[in-house]
Amino acid sequence: MTYSVTPLATIPTIVADARHAFVAGATRPKQWRVSTLRRLRALVDQHESRLLDALAADFGKPRFEAWATEIGFVLSDIDHTLAHLGSWMAAEKVPTPLAFKPGTSRIVAEPLGVACVIAPWNYPVQLLLLPMIAAISAGNAVVGKPSELAASAADALAAMITELGDPAVSLVLGGVAETTELLTHRFDHILYTGNGRVARIVMRAAAENLTPVTLELGGKSPAIVSRNANIEVAARRIAWGKFVNAGQTCIAPDYVLVERPVHDALVAELDRQITAFYGSDPKASPDFARIVNAPHFHRLEKLLDAGTVAVGGETDADTRYIAPTVLTGITRGDPVMGEEIFGPILPVIAVDSLDAAIAIANADDKPLALYSFSDDHAENDYVVGRVTSGGACVNGTLLHISNPQLPFGGVGESGMGAYHGKFGFDTFSHRRGVHTRSTRLDPALLYPPYTATKSKLVRRALRVPDPRDLVAKLRRRSRRG
Ligand code: NAD
C-alpha cells in the first residue's frame, strides 16, 4: 500500500487552485461539466480492478458487493446525471404577478463556488464520488477528502483523480490533522458523511464562514415486522440489508421489532437465510466482509455480551471476523441498543403490537432509514406515518437509496440536507430568482414623492388577484365537489 498523506503545507494551494478555477469561470459551462463527468466515468471504468482490489484489501469487501454498491452505483449516477443535466440546468420560467408587469421572471441554478466533500470509510468510493459528481454537475470546483480508515481505497481514488488532471477537482488525503486544516478554508458548501460527533466539528468550522452544510449521518434504523408480514421474504431482505458489507452500512437495519406471534418464525427464517447466503461457515464465504479495524472489532465484540445468541456469535480478532449474528432476549437497556451497531449483529426484539414497536422506534433519535414489513399496506402506511426517518423502504431494505429520483438524506440526528440525482444538483446550486423588467413602461407609482393617490393605487394594484391564483382556487373548489 502506498497511502500518502497530503502535506499540510500544500492544502492551502489545493484549495486556492480550486477557487481560482471557479473564479476564472472554468467550471460553469455545461461543456466542462459534461466533459469532466465523462472523463471521470472513463477513469472509474479503467481503474475498476484497482478500486476493487483496494476495497478487498481494506476490509475484505466482496468484489460483487463492491461493484454493485460502489463502482456500478457511481457509473449509473454519472449516466443519470449526464442524461438529465440539460433539463436540470435549464432556467425555470415562472409567472410574474400582474402588478409587476411588464416583466418576466425565472429561477436559475447557479453554482455555489468551491465545494468540500468529506467521506467515510464504509463505502469509500461511492460516498466520495457521488457528492463530487453532484458538485461538478452543478458547476462547482470541488475538493474531496476520502477517509484515512480505508487507506487503499483512498490511495486508488487519489491516483484516479490525479489522472483527471484538473485543478478544479482534487483530493486531500489524510485524517484529523488534514481535515482540520482543510476546514480552516472557506468553502461554499461542505458535504460531510460520517458520525454525529465529527459532524458537529464540521458544522462549527463551517459556521465561521457561514458555509452551508449537508450532513449525511447515521443512527439506529429499525425494521418493524408485523404478524401479517411475509416472514420468509422479510427475513431474506432484512438479512441481506444487515449483512451486506458486514453490517457496516449507514442504512442497514440496526435492529428488528417483531410482533410476538411471529418472533420465533422470523428468527428461524433469519437463520435459514444466513446459511443460504454464506453457508454453514460464513468465515469461509468469499461473500462476507470483515470489520474495518481493531477498535471497531473490539467495540462490536463487546456488544455480543447481551441477550441470547440465536445465530452466529463467532469472532476472530486476527482476521477481524464477526459472524452474521442474531441476538434475542435483548432489552432496551442493553449496550447493543444504546448506539448504532454498524456491524453484523442483529438484535430481534419481540413486541406486543405495532404501536409498541412505534413507541420504541420513536424513543431513539430520528433514524436514517425505516423498514416496515407487512402484506397489509394499511399497516405499512400506519408505521411509516408515525416514525420519522431520513428515508423509508416498505417490504424491503436499502433499495430506496438506489433510485436517483428519491432524495437521500437524514433528519434530526441522522443528518440534514440530501443528495442523489437532481437533489444533489440542487444541493450544490443556488436557486437564484431573476426578474427582468421591460423599459417600455415605467409608471411613477412606486417612486417618491409618495402621494395619497399613489398610495390608493398601490393598495388597489396589490389587491388585484392574479388570474392564475383565481384559476387555482376554482380548481381546488371543484375538486372538493
Ligand atoms: P470516518 O471515521 O471515516 O470519518 C468520516 C470522515 O471524518 C473521515 O474523512 C475522517 O477523516 C473525518 N474525521 C474524523 N475525525 C475528524 C475530526 N476530528 N475532524 C475532522 N474530520 C474528521 O467514518 P465514521 O464517522 O466512523 O463513519 C461511520 C458513521 O457514518 C456511521 O454513523 C454511519 O452511519 C455514518 N454514515 C452515514 C452515511 C450516510 O450517507 N448518511 C454513509 C456512511 C456512513
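Asparagine 245 has a relative accessibility of 0% and therefore counts as buried, a term for residues under 20% relative accessible area, whereas exposed means over 50% (1.4 Å probe, protein chains only). The model is predicted, so local features need pLDDT of at least 70 and side-chain atom pairs count only at pLDDT 80 or more, while totals for chains, interfaces and linings use all residues. Residues are numbered from 1 along each chain as its sequence is written, and side-chain values use heavy atoms, with hydrogens and water left out.

Asparagine 245 lies in the loop between helix H9 (231–243) and strand E9 (255–259), helices (H or I, at least four residues) and strands (E, at least two) being DSSP runs numbered from the N terminus. Its phi is near 60 degrees, a positive value in a residue other than glycine. Leucine 210, also not a glycine, has a positive phi of about 50 degrees, and it sits in the loop between helix H8 (196–208) and strand E7 (213–216); at 79% relative accessibility, leucine 210 counts as exposed.

Most residues other than glycine have a negative phi, and most peptide bonds are trans. The bond joining lysine 101 and proline 102 is cis, with omega about -5 degrees, and proline 102 is found in the loop between strand E1 (92–94) and strand E2 (103–111). A cis peptide bond also runs from proline 448 to proline 449, with omega near 0 degrees, and proline 449 belongs to the loop between strand E18 (429–437) and helix H15 (452–463).
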